[in-house]
Structures are given as C-alpha cells and as structure tokens.
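Me: I would like to learn how to read the features of a model. Please take them one at a time.

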Amino acid sequence: MTDTGDMRRDASSEDLECYKILFDKIDHRLLAEIEHPDRDVEFFKVLYRAAQSMVIFEKVGYIHLGQVSSPDFVGEMVDLFHSLESNEITICSGIFKKKHFLFNPVKKSR
C-alpha cells in the first residue's frame, strides 16, 4: 500500500492481485493503528520545523530537520510533504545519533 500510494501510483496487476489475496487475511484494526498512530507533541514540533525549513525549487521540495529524536521522523515528513501538489520529488534529511538520514519516495507519476 505504501509503495503504490494506496493503489493510486504505479500499481501493477500483480500489486492488485496481492492486495486482494491479503485483504481478508490482515488484521484491519492493527493496520489502522499503524496507518493512523497516536502522535506525541514531538511529532508536531518536528512537523512545524519541517514546514518552516522546506525549500521548493520548481517541482522539487527539500526539507532538512536537523537533529531528530528518531529517524522515523525523516521518513514520516518526506511522505507527508510528498503529498504537496506542487512537488514531484520530495527529499527530507535529518540527523540521528550523529548519523545523517536521507529519504525520498518514488517520483510521482502524473
């Protein structure tokens, strides 16, 4: 579901067939919790920082979060800001425990 943007982006017939097979086998309540988790205050602070730091050049958006308390924030922000209609490519980076993390999802297909 993530790779295909909920079957909206580059979904093949194999992706759809796999989804149909797995649909009845998954725990939908658990999936909902994963897709829509409760957020702590830190998430919204990082979201604010991401919105403040975002730079857009033509159809490419770049966000640098600086120091983060979890590398998951880098992936979450790139996924969220990739949904901006003006962005075809979104790149997000951050630093966690002296390591640099960089994420960018698949380019949007139009």
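**Reading the features**

Reply: Leu31 has a relative accessible area of 30%, so Leu31 is partly exposed. Buried means under 20% relative accessible area, exposed over 50%, and partly exposed in between, with a 1.4 Å probe and protein chains only. Leu31 is found in helix H2; helices are DSSP runs of H or I with at least four residues, strands are E runs of at least two, and both are numbered from the N terminus.

Me: What should I know about the model itself?

Reply: This is a predicted model, in which local features need pLDDT of at least 70 and side-chain atom pairs count only at pLDDT 80 or more, while totals for chains, interfaces and linings use all residues. Residues are numbered from 1 along each chain as its sequence is written, and side-chain values use heavy atoms, leaving out hydrogens and water.

Me: Which residues form the nonpolar patch on the surface?

Reply: A patch is made of residues with over 30% relative accessible area and no salt bridge; like charges are joined within 9 Å, nonpolar side chains (Val, Leu, Ile, Met, Phe, Trp, Tyr) within 5 Å. Here Ile21, Leu22, Ile26, Leu30, Leu31 and Ile34 together have about 500 Å² of accessible area, by the Shrake-Rupley method with a 1.4 Å probe, where only the protein chains shown count as cover for residues. Helix H1 (13-23) and helix H2 (28-35) each give two or more residues to the patch, and H2 gives the most, with 3.

Me: How many salt bridges does the structure hold?

Reply: A salt bridge is a side-chain nitrogen of Lys or Arg within 4 Å of a carboxyl oxygen of Asp or Glu. The structure holds 2. In one, the closest N and O atoms of Glu76 and Arg39 are 2.6 Å apart. Glu76 lies in helix H4 and Arg39 in the loop between H2 and H3, so the pair ties together parts 37 residues apart in sequence.

Lys59 and Glu88 also meet in a salt bridge, at 4.0 Å from N to O. Lys59 is in the loop between strand E1 (55-57) and E2, and Glu88 in the loop between H4 and E3, 29 residues apart. Glu88 is buried because its relative accessible area is 18%, whereas Lys59, at 46%, is partly exposed.

Me: Which residues of helix H4 are buried?

Reply: An α-helix has 3.6 residues a turn, so residues three or four places apart point the same way. In H4 (residues 72-81), Phe73, Val74, Gly75, Met77, Val78 and Phe81 are buried. These buried residues pack against elements including helix H3 (41-53) and strand E2 (60-67), a contact being heavy atoms within 4.5 Å.
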